[in-house]
Structure formats: C-alpha cells, structure tokens
Amino acid sequence: MYGLDVLVQKVFLMTVLVIMGFIMKKANKLDAKMAKGFGDTVIYLTQPAMIIYSFLEVDFNSRTLITSLCVLIFAIIFHLIYFIIAFTLYKKAPEKQRTILRFATVFTNAGFMGIPLISELISPEAAVYATFYVVAFNIFNWSFGCYLFTNDKSYISIKKMLINPATIPTFIGLVLYLIAGLCTMPAVLTPIINNFLVPVVKNDVLFLLKSTVMPLSMMMIGIRLAEADFKQMFKDKYLPLFIIIRLILIPLGVLTIMKLISISGILPSDIIIPAATVLIISASTPAAAMANIFAERYNGDAVYASKLVSVTTLLSMVTMPAIAALISIVI
C-alpha cells in the first residue's frame, strides 16, 4: 500500500528544509518577519491551493465520498479525545509553554505534511480523505485552538468552525469535485474547460502553489529554531512526556480503535482500511507547524513552538515508519 522508504525520504526532506531555514537565519538572510510572512502565505494561499488541487486529482465516485465522510466523523471524535488528553496534562508548566504544549498535543502536521505524504505514499484519492481529516483539524484549530492562545471565547462559534482559511477551499474543492462528477457541460464549453481552463488552473497555478506548502512551513520552523537555546532545549522536563504522547501513544491509540472498528465489521473493508490508514498516518505526523504560525500570530512563545515542532519532526523519521509498518501488519 505504501513504501516505507518513500516515507523516510519525505521526512528526511522536511528535516533538510528546516535546516535550510536555520542556516538562512544564522546567516542573517531571513528574520522573524519573514517567518511570519511565510506562515501567512501558507495559511491564506498555498494550503488552500493544495486542498483544492487534491479534489481535482481524483475521479468522482460514491465510495470516495462515503470514505471521506467516515474520515471526517472519526477525525472529529479523535480531536475531541486529544483535547481531553491535552487538558489533563502540563498543568504546572509556565503559561505560554503550557499553551504550546497543549496545542501541539492536539494538532499534528496533517495538512502541511500529511496530505502531500499520503498522496505520494498511497494515492491521490487518499489525499482527498486526508483533506477531510484537515477539515476536522481546522474546525477545532480556528475555534478552540485560537481560544487556547487568546482566552477569547468568541472564537468558539459555529462560524469560526465552518468558515476559515482551510474549510472554505475544501468547500470549493468539493463543489468542483461534485460538478465534475454529476454535471454535463454544454458541448461548446467542454473543449474550452477541459483543454484550457482546467489544465492551466490545476497543473500550472494550483500545482505550483501547493508545491510550496512544505518548503515554506519547514523553513519558517528553521528560522525560529535558530533562535532557540540548544543548551536548554533538552533540559525541558515536559519535552519527553510530550514526545511520547504525541509521536507514540496517540497514533497507537488511534490504530487500536480503528482495528477494533475493523474487527467489528461495522464498515466494509474497502472503506475502513483506507480511512483507518489516513487517520493513523495523520495522527502520527509531528506537532503541527500551525503551533508556530499561531504563536507568531498571537504573540505566543514562537521559539518554544519551533522547538516542539522541530524535535518531533526529527524524531518522526523513526516513529512514522514504525507506525506505518504496524498499519500494514495490523489493519
């Protein structure tokens, strides 16, 4: 279903990009303002392009829709569980660090890393499923996630959950996906749309934009990592607990739950297997780069966020292939 060697290569690539950002900051070629600009570009431009592109990559069929909805429902349930876990932990940590630790426990790099990774490891169709995982991610990210950083309860609203920089392109992509599958274009428009408009928008504009998601987000992390105090990095008493929970216990928990559902026979295997694979891989990705982006946006501890994201990204070179190997054996 997927090659572990490809997984290791992709995680290694991410690490190299972080190092590039680190070197550019040390050489005074990039700075904190650039890091914030990279973050805003990813949120408002390149990630939306990646989401829409994912929908345009696959042919319409009902099984894809059903599997996507299953991923969405399970992802919402899992994020609720993640929040419960996060809020029982790190109670004695300094306030700004506690915010980052809890946010990074709940939210993974499923968007920046998960979608492109799943697309190459499994199939473009699986990338659509991963997009629905990211929908659940953003339902909580732009509501409860913002609340974590601001203590502003106005963020916890249906509007914030459903209308944000990630859900809007998902709705656009879903509409385009349904139109392509259910509607027949007038004959006079077909050659214009199929031979010019779609190729230019998809293969040129969207492809180029979505290809920058990983470089921009990883280099942003590298910039902030260059500001970290390495002498103090591994003296953080909360770091080992965070690493174990984020990279090992949570993905193993998701794997166990999905295996039990698979055994129960509630859902057919052609739906539960791809859904479970996407859910587990998404849960096993490192701490979300959004932790750094939100820290930049809401004046949080961006350096500490970069530390958590960078350390989990480096360690995921070992943990993600191990989890992926378990998926191929267990699911």
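Reader: Leaving aside neighbours within four places in sequence, what is Met 258 in contact with?

Author: Met 258 touches Phe 74, Phe 78, Ile 272, Ala 276, Leu 279 and Ile 331, where contact means heavy atoms within 4.5 Å. This is a predicted model, in which local features need pLDDT of at least 70 and side-chain atom pairs count only at pLDDT 80 or more, while totals for chains, interfaces and linings use all residues. Residues are numbered from 1 along each chain as its sequence is written, and side-chain values use heavy atoms, with hydrogens and water left out.

Reader: What makes a set of residues the largest nonpolar core, and which of them have the most contacts inside it?

Author: A nonpolar core is a set of buried Ala, Val, Leu, Ile, Met, Phe, Trp, Tyr and Cys residues joined through side-chain atoms within 4.5 Å. Buried means under 20% relative accessible area, exposed over 50%, and partly exposed in between (1.4 Å probe, protein chains only). The largest such core has 107 residues, and Phe 242, Met 258, Leu 279, Met 290 and Phe 294 have the most contacts inside it. Helix 6 (residues 124-150) supplies the largest share of this core, 17 residues. Helices here are DSSP runs (H or I, at least four residues), and strands are runs of E of at least two, numbered from the N terminus.

Reader: Why is helix 14 called largely enclosed by the rest of the structure?

Author: Of the 8 residues of helix 14 (residues 290-297), 7 are buried, so the rest of the structure largely encloses this helix. The buried ones are Met 290, Ala 291, Asn 292, Ile 293, Phe 294, Ala 295 and Glu 296. Their cover includes helix 2 (32-56), helix 4 (95-106) and helix 15 (302-330).

Reader: How do you know that the radius of gyration agrees with a compact globule?

Author: The radius of gyration is taken over C-alpha atoms, and the globule rule is 2.2 Å times the number of residues to the power 0.38. For 331 residues a compact globule would be near 20 Å; the protein has 19 Å, which agrees. Buried residues make up 52% of the 331 residues.

Reader: How many helices and strands are there in the protein?

Author: The protein has 15 helices and 0 strands.

Reader: Among contacts between residues at least 6 apart in sequence, what share joins residues at least 24 apart?

Author: That share is 86% in the protein.
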